[in-house]
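Biologist: Could you take me through one part of this model up close? I'd like to start with a single side chain and see where it leads.

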Amino acid sequence: MANESGVTVESLQQVIKERLQADHVEVVDNSGGCGQMFEVVIVSSLFKDKRTLARHRLVNDTLKDEISKVHAFSQKSYTPEEWAQHNS
């Protein structure tokens, strides 16, 4: 199936790593390959001392061009310390 949005798992991973200084990024395309529904996990020290809403606003503002091209975008954001604890 052709990617309708122009947004790919790889392109999202790259912009998230670059723009949000992410230590770890997971991107899942839940749209069957058409690039319309993404779930992301972002681990970045930029989230330190920010509550969930502030983190989501930071991600949404930073990725507004990419998000505007897709139907659904779900995110989970962690600091490196939270991510280590989450995975222990």
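Biologist: What is the relative accessible area of R19, and is it buried or partly exposed?

Modeller: R19 is partly exposed, at a relative accessible area of 38% (buried is under 20%, exposed over 50%, partly exposed in between, with a 1.4 Å probe and protein chains only). Before going on, keep in mind that this is a predicted model, where local features need pLDDT of at least 70, side-chain atom pairs count only at pLDDT 80 or more, and totals for chains, interfaces and linings use all residues. Numbering runs from 1 along each chain as its sequence is written, and side-chain values use heavy atoms, with hydrogens and water left out.

Now, what does R19 hold on to? R19 makes a salt bridge with E66, and the closest N and O atoms are 3.1 Å apart (a side-chain nitrogen of Lys or Arg within 4 Å of a carboxyl oxygen of Asp or Glu). R19 sits in helix α1 (residues 9–19) and E66 in helix α3 (residues 64–67), so this pair ties together parts that are 47 residues apart in sequence (helices are DSSP runs of H or I, at least four residues, and strands runs of E, at least two, numbered from the N terminus). E66 itself is buried, with a relative accessible area of 14%.

The count of salt bridges comes to 2. R55 pairs with E82, with 2.7 Å between the closest N and O atoms. R55 belongs to helix α2 (residues 52–62) and E82 to helix α4 (residues 80–86), so here the parts tied together are 27 residues apart in sequence. In this pair R55 is buried at 8%, while E82 is partly exposed at 30%.

The model has 1 aromatic pair (ring centres within 6.5 Å for Phe, Tyr and the six-membered ring of Trp; planes under 30 degrees apart are stacked, over 60 edge-to-face, the rest tilted). The rings of Y78 and W83 have centres 5.2 Å apart and planes at 55°, so the pair is tilted. Y78 also counts as buried, at 17%.

One last stop is S31, in the loop between β1 (22–29) and β2 (37–44). S31 is buried at 17%, and its side chain makes a polar contact of 2.4 Å with the side chain of D29 (N or O atoms within 3.5 Å, one able to donate a hydrogen and the other to accept it; residues adjacent in sequence count only if both atoms are side-chain atoms). A polar atom of the S31 side chain also lies 3.2 Å from the backbone nitrogen of Q36.
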